[in-house]
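I opened my notebook to get to know a structure that was new to me. Here is what I looked up, entry by entry.

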Amino acid sequence: MKKLIKNNVHWIGKIDWELTEFHGSDFSINHGSSQNAYLIQEEKTVLIDTVWEPHSNEFIENLKSEIDLKKIDYIIVNHGEIDHSGALPALLAEIPDTPIYCTKNGVKSLIGQFHHPEWNYNVVKTGDTLDIGNGKKLIFVEMPMLHWPDSMATYMTEDNILFSNDAFGQHFAVGELFNDYADQCILWEQAMKYYANILNPFSTLVARKIDEVVGLNLPIDIIATSHGVIWREDPLKIIHKYAEWAKEYKEDQITILYDSMWNSTQKLAHAIASELQELSPATRVKVLNVAKTDKNDGMTEIFRSRAIAVGSPTISNEIMNSVAGWLHFIKDLKFRGKKAAVFGAYGWSGEGNKILRGALTDAGFEVVEPEIKVNWNPEEEDLLKARELAVELLK
């Protein structure tokens with residue numbers, strides 16, 4: 001069933017209430033999600049994006065109930081990832097010669113995934129336009145690495161709608177579609193989680209692209225994303241948030257991350273937290289056992305933090321696998337402008353802190369000199385070292 005967005009523009013996507021993971025199992029979904037596609041019916045009929053392949057039959061049947069598929073004049077593919085393009089093979093089997101508008105990299109993506117070089121591809125770049133009648137046109141804006149090289153956004157004149165694809169989205173199922181209907185706490189939590197886990201590595205590009213989009217001086221009344229809410233109430237607020245998040249974002253928060261075999265490293269984590277809370281009551285302190293914490297939610301806490309402390313015992317001359325996996329992900333996300341400290345217990349060889357320090361330095365953190373390294377179970381004087389470490393993190 002299509003839902004009205006504005007004038008002759010309708011939503012024709014899929015609310016996926018049961019979705020619990022994304023990008024394979026790499027991204028956790030807490031509140032469902034949506035795959036947003038849009039139908040424009042001016043003098044020309046335009047379909048903007050589709051849905052994931054498992055929902056393609058449902059999607060096409062919904063389209064058929066609204067229009068004759070042969071009346072679709074153009075298909076816009078803002079991004080070739082299969083959660084947006086998955087229904088294309090089934091759709092184009094019915095309307096095979098329909099023109100597809102996408103970036104040059106979009107052609108590569110679609111051919112690489114679906115093996116249909118014969119589709120009617122039309123390559124567009126920033127500033128190119130497509131007349132859809134009634135005095136309206138679509139303007140294309142390339143958005144490379146937000147978050148694939150093929151990404152672009154499409155702007156509709158007169159109705160002032162920016163179809164932004166993955167930019168400004170979030171994994172959040174909202175049946176009423178619009179941001180003013182959504183639970184605001186969940187909405188902003190999920191918007192930050194989406195940015196921190198998917199877009200943060202490209203923050204420099206995000207900042208440049210926002211400047212470019214703003215520089216086009218296009219009035220924006222609605223931002224129609226490909227996941228989550230459609231921004232119609234103060235839509236520029238999410239753009240301003242992205243601009244803020246793209247500039248080495250941090251709050252007055254310190255997050256302690258650890259795993260522990262027999263609780264020695266855990267005792268150190270709790271001691272550091274206590275010292276931080278005593279020294280700076282206004283600072284938000286969070287303690288996460290990485291083996292028991294969702295990694296995407298954990299990365300969102302790191303994104304919020306101005307500093308982190310990471311702890312692991314030494315095991316087989318290495319750190320624990322759980323901590324090593326988190327450190328690899330932390331490096332992938334390219335956090336900048338944050339401090340870090342290391343701590344851990346050991347029984348025999350004690351390489352853990354050195355490994356932690358090297359990994360955090362490689363990930364772009366400023367690692368402070370004080371550390372806590374405890375042989376076996378910490379004694380009182382070991383726990384007192386937590387204050388020195390906390391002082392350095394708070395500077």
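**Entry 1: getting my bearings**

I note at the start that this is a predicted model. I looked up the overall extent, and the C-alpha trace spans about 80 × 40 × 35 Å along its principal axes. I found 12 helices and 23 strands in the protein. How much of the protein counts as buried? I read off 57% of the 395 residues. I also checked contacts between residues at least 6 apart in sequence, and 72% of these join residues at least 24 apart.

**Entry 2: an open sheet**

I followed seven strands through an open sheet, and their order is S1-S2-S7-S8-S9-S10-S11. I noted mixed pairing in this sheet. Which strands stand at the edges? I found S1 (3-6) and S11 (121-123) there. Each has a single partner strand, so one side of each is left without a neighbour in the sheet. I looked up the turn too: with direction ignored, neighbouring strands of this sheet are turned by 25 degrees against each other on average.

I then zoomed in on S11 and its link to S10 (residues 100-102). The two strands run parallel and are joined by three bridges.

**Entry 3: the nonpolar cores**

I turned to the largest nonpolar core, which has 64 residues. Which of its residues touch the most other members? I wrote down Ile238, Tyr242, Trp245 and Phe365. I also saw that H5 gives the largest share of this core, with 10 residues.

I stayed with Tyr242 for a moment. Leaving aside residues up to four places away in sequence, I found that Tyr242 touches several others, including Phe168, Tyr194, Tyr195, Leu199 and Ile210. Asp166 and Gly169 are also among the residues that Tyr242 touches.

I found another core lying apart from the largest one, with 26 residues. Among them are Tyr101, Leu130, Ile132 and Met152.

I came back to H5 (residues 184-199) and looked at how it sits against H9 (residues 295-304). Their axes come within 9 Å and cross at roughly 90 degrees. H5 and H9 are therefore roughly perpendicular to each other. Which residues meet here? From H5 I listed Met192, Lys193, Tyr195, Ala196 and Asn197. They meet residues of H9, among them Asp297, Met299, Phe303 and Arg304. By class, I noted five nonpolar, three polar and four charged residues in this contact.

**Entry 4: backbone details in loops**

I looked up a cis peptide bond and found that it joins Leu146 and His147, with omega about 10 degrees. I placed His147 in the loop between S13 (136-142) and S14 (152-156).

Next I checked Asn134, which has a positive phi near 55 degrees though it is a residue other than glycine. Asn134 is in the loop between S12 (129-133) and S13. Is Asn134 buried, partly exposed or exposed? With 46% relative accessibility, Asn134 counts as partly exposed.

I located Asp234 in the loop between S17 (230-231) and H7 (236-245). Its relative accessible area is 48%, so Asp234 is partly exposed.

Definitions and conventions
Residues numbered from 1 in each chain as written. Predicted model: local features only at pLDDT ≥ 70, side-chain atom pairs only at ≥ 80, totals over all residues. Heavy atoms only, no water. Axes fitted to C-alpha atoms, helices over the stretch in contact; angles between N-to-C directions. Helix = DSSP H or I, 4+ residues; strand = E, 2+ residues; numbered from the N terminus. Parallel < 35°, antiparallel > 145°, perpendicular 65-115°, else oblique. Contact = heavy atoms within 4.5 Å. Nonpolar A, V, L, I, M, F, W, Y, C, P; charged D, E, K, R; others polar. Buried < 20%, exposed > 50% of the residue type's maximum accessible area, 1.4 Å probe, protein only. Pairing = 2+ DSSP bridges. Core = buried A, V, L, I, M, F, W, Y, C linked by side-chain atoms within 4.5 Å.
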